Amino acid sequence: MSPLIAVPEAYMQGKSLKTRYVLTVLVVGILLTASVALALYFEGRLTLVIGVGLALSLLAAGITAALIARIDRAMIAMIS
């Protein structure tokens, strides 16, 4: 394990890999939306940016979940 990444093992066991990936995509999407919204705050398009950003973040999380489910099914089929 890398000395720079110190995550307790007990914390990681509570969440599945799929949940962690989906949450990571959501957090990144929300952070990107917030940064763009902050940049456009003075131009009056804030609600549009936030709405589109959140919609795209949810779409990305859904696509990530679907891809992980597909990979899981392929791995199970390959192992069986």
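Author: Start with S57. S57 counts as buried because its relative accessible area is 4%, and buried means under 20%. Keep in mind that this is a predicted model. Where does S57 sit? S57 belongs to helix α3. What does S57 touch, apart from its neighbours within four places in sequence? The contacts of S57 are L26, G29, I30 and T33. A polar atom in the side chain of S57 lies 3.3 Å from the backbone oxygen of G29. G29 is itself on the list of buried residues of α2.

Now step back to the whole chain. The protein has 80 residues, and 15% of them are buried. How many helices and strands does the protein have? There are three helices and zero strands. Along the sequence the pattern reads α-α-α. The accessible surface comes to about 6400 Å². Carbon and sulfur atoms supply 74% of that surface.

Helix α3 covers residues 46-79. That makes 34 residues in α3. From first C-alpha to last, α3 reaches 49 Å. Which residues of α3 are buried? They are V49, G53, S57, A61, T64, A65 and I68. Look at the spacing of those numbers. An α-helix has 3.6 residues a turn, so residues three or four places apart point the same way. What covers the buried residues of α3? The cover includes α2.

Turn to that partner. Helix α2 runs over residues 17-39. Its 23 residues should span 33 Å at 1.5 Å a residue, and the end C-alpha atoms of α2 are 33 Å apart, so the two values agree. Meanwhile, α2 is part of what covers the buried residues of α3.

Follow α3 along to T64. T64 lies in helix α3. Is T64 buried or exposed? T64 is buried because its relative accessible area is 19%, and the cut-off is under 20%. A polar atom of the T64 side chain lies 2.8 Å from the backbone oxygen of A60. Leaving out residues up to four places away in sequence, T64 touches Y21 and V25.

A65 comes next. A65 is found in helix α3. A65 is buried, with a relative accessible area of 19%. Beyond neighbours within four places in sequence, A65 is in contact with K18 and V22. A65 and V25 are 40 residues apart in sequence, yet their C-alpha atoms are 9.7 Å apart.

K18 gives the view from across. K18 has its place in helix α2. K18 is partly exposed, with a relative accessible area of 33%. Not counting residues up to four places away in sequence, K18 touches A65, I68 and A69. I68 and A65 are among the buried residues of α3. K18 and L67 are 49 residues apart in sequence, but 9.6 Å apart from C-alpha to C-alpha.

V36 lies in helix α2. V36 is partly exposed, at 41% relative accessible area. Between V36 and G53 there are 8.7 Å, C-alpha to C-alpha, with a separation of 17 residues in sequence. G53 is one of the buried residues of α3.

L67 is in helix α3. L67 counts as partly exposed because its relative accessibility is 49%, and exposed means over 50%. Which residues form a nonpolar patch on the surface? The patch is made of L48, V52, L56, L59, I63 and L67. Together these residues have about 580 Å² of accessible area.

Back to the starting point.

Note on methods:
Residues are numbered from 1 along each chain as its sequence is written. This is a predicted model: local features need pLDDT of at least 70, side-chain atom pairs count only at pLDDT 80 or more; totals for chains, interfaces and linings use all residues. Side-chain values use heavy atoms; hydrogens and water are left out. Patches are made of residues with over 30% relative accessible area and no salt bridge: like charges are joined within 9 Å, nonpolar side chains (Val, Leu, Ile, Met, Phe, Trp, Tyr) within 5 Å. Accessible areas come from the Shrake-Rupley method with a 1.4 Å probe; for residues, only the protein chains shown count as cover. A salt bridge is a side-chain nitrogen of Lys or Arg within 4 Å of a carboxyl oxygen of Asp or Glu. Helices (H or I, at least four residues) and strands (E, at least two) are DSSP runs, numbered from the N terminus. Buried means under 20% relative accessible area, exposed over 50%, partly exposed in between (1.4 Å probe, protein chains only). A polar contact is a pair of N or O atoms within 3.5 Å; within protein, one must be able to donate a hydrogen and the other to accept it, and residues adjacent in sequence count only if both atoms are side-chain atoms. Contact means heavy atoms within 4.5 Å. The expected span of a helix is 1.5 Å times one less than its number of residues.
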